[in-house]
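Please examine the sequence and the structure shown below.

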Amino acid sequence: MKSLLIAMYFSFVLLQAQDMDVESYERKSRAALEMAQYHPDKARLMHEKIALQLEAELEGLKEAPAHLAYNLGNLWYHAGELGRSLMWYRKAQKALPYSSMIEHNIGVVLKERLDQLPKSHRPAWLPYGEWLMILETPFFLSGYAAWVVLLWHVVKWTKKQQVNWTLPLGVFALTLSLWLFVLWLSSLRADAVILDSEVVARKGNGLIFAPAFTYPLHEATEVRVLEERSSWVLIQLSNGEYGWVPKRSIGWLNQ
Amino acid sequence: MKVLLGSMLLLGCFVSNLWAEIATSAYWDSAWQDTPKEVFLGLPFTITLVSINSPVDVDLEIQASRDWKVERQKLEALKSSVPTTIFRLNCIALSSGNVKFPKVELISQQGRVTTPELTLAIKSPIEDAGSLLELKFSKHEFYERETLVLQAKWITTLPLEAIKALKWIIPCMERSDVRVVEMRQETEPDESKSIGLPIGERRIIGTWEIATLKGEEARALSFEVLLQPQQAGELTFENSFLVYSVERDLDKYKNKKWRGNRYPSYFNNNFFEATQKSEDMQRMIVISREQKIKVKALPPKPVNLKGDVQVGYPMIRLSAEPKKLQVGESLQLTITVASPVIETFDLSMLNTMAAFDRNFRTPSDRSAPSYNERGEKVYVQTLWPKRADLTMVPPIVLACFDPEKGFYLESESNSVAIEVTGGENSAFNRAEFAGNEVIKSEIQADPEGIWHHVWRPSLQPEFSHPKNHLWRWLLVIFTLLAFAISFFKSFIGYVRLWLEDSGFNKTRHFNRALNQWRTQSQDRECLRSIVLEHLANHLKDSKARYDEKTLFEKIKQLGAEREAESLKSWLHEQDLKFSSATTKVCEGEIQTIVLKILGRRLK
């Protein structure tokens, strides 16, 4: 079943991407990487150009294939744009949550980020780990559904007999609370990344307001967007602080 | 008496302590000292600023002024009961009349103290009507950091031999926002036409020639320098002036022939001080007119241009020796730069360029550039390859702004092909360690750097076979199982019955009973009871175990009438031929019939 689902997913996204000339992108990126050894500035420009082209091609797709989103992250990284790089890595991670390559590259980008902030928006007492990602995946919800079906089955099976409800109700309560916990965790996810190399967050939605923080924010800082007002958005940093930044300075992770 | 003396002594101690206390707790203050009584325009003098009760970290801040050129010397601390610091300032007045000294502040972490205002009367010598001082700029509108040529010329009818001291102040050359670079002499100058001139604090080699001024024979002293304004805006270059001491009696120089001198310079500005008291001398001045030039700001730099921008377009050539080398050996890189204004070209250090820093180790200092016969600037840099697989010395790429065309562009040099092989000196071998000691490398994943592109996900296990997690597997299996249980109830029933009816335990028990019968009793009744018990177990009817009639009815109810008849007849036959029949045959027949009955039941 699982293999079938994965095969279906890949065939779906790959069918969508089949019109793209991936080989030409591969060729170009190889040339750019070779150039990076002796012409770093030119190679940076070349990577940027390839990334822009690939981004334009992926715009039409409902969901970018994981490997192309990952490659875009790499291209932007080589182009020196950490914000865009992290945005695409996160998109790739959404499709492939357990890829150690994606996780590693995200770690490298976060290491190079200038802003010193907690790794995620989750509370500090909640340890960050793979198990959280597992909880957030649809597989967990399918497990939850299975529990519900089983419970229904037990009730149906034993309706003519005396049933001990302690176990099924306990299981139900546990899974329900876990499900609510997952919902809460999902609400704490960053949904945008700062793309500008430097942006001053302000105390209000206009240049007239004073800066919200002691230092400007830098690219690759992940934020939660709480409110949108014309061309400004209210963001929350992973340390819990709030500020307004221009909408054009962020990249959305869910689009 | 003793008491009086004692009290006086105590009082004296008290007063002295109180005085010391007052002195040390007094305010931080400042005062000017050695203020000159007579200051001449362009004549350097020294003034002293005293800081009383100053903190340890005291420093000086001098406001920029058009009227003054002020340079501070090293501060001196005086040893006294009150902490005192002395600052000596070297000053040159650039304007005459009552001129305010620039605002000077003493600063420290504790605060700042403004010094008292100081106004000095600056005397100007007699203006020389028989001289002309002119400055010419190659352009009057140009970009910041663009190089322009300043031509300065002094034409005088005075015999130059009569001038004993001279100082030429050109304010635009004294500004901090204007870089002054002396021009390179392409050819060896004519010694007889050269003259060393004191221009501000510099000594510049100029030339002299015969000229005419207002119909009279005169001599012209001129020089050229390069100016590079560092800031945009309108620059006002105040009147430049030339002060000199000249003998009153000029007749004795009428028939003398003037010879210029380059080494050492003929004029020495220190003579001014020496000659000012002489009655045979008179001080004179000649002033040029004020000039304004417009310095345009550079347009915004394109984002794709990295590094500092050079104004002008240099052509760079690289050559390297040797071309074949090992890791650990060095190569000499020669960088030759040709540019229209080569004097102001500065090459940034190679270790600040990513391409070089990535591939080579470069020393942080470099020898001063030289000029070759073609007037090109030549830098020589030593490089050490970092790796063995290097194939070239990368090109030097400079971001430039072309002031003639008004846009940015890149100047890129050639690259130099080299061959770097692994050095024997750079690899360890076992023999280098004493006692056959083997040092092993602990290989671990490096957290730095990102992983490669994935263009073919089918070839990359991470993408073609996403990493599985035990939890995921369990959830998938559990989901499948739950749905199977819900929607295929009969399947569960089938499994349950199969487990019950064809239970391994029951079959084993039956086989064991048959074996026991065969080896021990071989009694007819015993065999009958084993078979009937086995059937009764499967039929789950305890009564059938003791009543053959009930058993056969049960079997018939299952629709296995034929098998029931067979069993009945077989049991009857057994009664007859029990003693002669072989056990093996009996067992086989019994098992066949029993299984048939059970099979019918299952249907």
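Which residues are buried in helix 5 of chain A? In this predicted model, they are Leu82(A), Gly83(A), Ser85(A), Leu86(A), Met87(A), Trp88(A), Tyr89(A), Arg90(A), Lys91(A), Ala92(A), Gln93(A) and Ala95(A). Buried means under 20% relative accessible area, exposed means over 50%, and partly exposed lies in between, with a 1.4 Å probe and protein chains only. Helix 5 of chain A is thus mostly covered, with 12 of its 14 residues buried. Helices (H or I, at least four residues) and strands (E, at least two) are DSSP runs, numbered from the N terminus.

Two conventions apply throughout. Residues are numbered from 1 along each chain as its sequence is written, and chains are lettered from A and ligands numbered from 1 in the order in which they are written.

The length of helix 5 of chain A (residues 82–95) can be checked against expectation.

On the side of helix 5 of chain A, the contact (heavy atoms within 4.5 Å) involves residues including Leu82(A), Leu86(A) and Tyr89(A). Among the partners in helix 6 of chain A are Ile102(A), Ile106(A) and Val109(A).

Chain A as a whole has nine helices and seven strands. Buried residues make up 50% of its 255 residues. Among contacts in chain A between residues at least 6 apart in sequence, 61% join residues at least 24 apart.

Some details of the backbone deserve attention. Most residues other than glycine have a negative phi, and most peptide bonds are trans. Ala220(A), however, has a positive phi near 75°; this residue lies in the loop between strand 3 (217–218) and strand 4 (222–229) of chain A, and counts as buried because its relative accessibility is 0%. Arg145(B) has a positive phi of about 65° and belongs to the loop between strand 14 (141–143) and strand 15 (148–156) of chain B. With a relative accessible area of 27%, Arg145(B) is partly exposed. A cis peptide bond, with omega about -10°, joins Glu321(B) and Pro322(B).

Finally, confidence must be considered. The pLDDT is the predictor's confidence in each residue, from 0 to 100. Chain A averages 81, and chain B averages 76. In chain A, the mean is lowest in helix 1 (residues 2–17), at 52, and highest in strand 1 (residues 192–194), at 95. In chain B, residues 18–25 stay under 50. Where pLDDT is low, the predicted coordinates should not be read in detail.

Key
Predicted model: local features only at pLDDT ≥ 70, side-chain atom pairs only at ≥ 80, totals over all residues. Heavy atoms only, no water.
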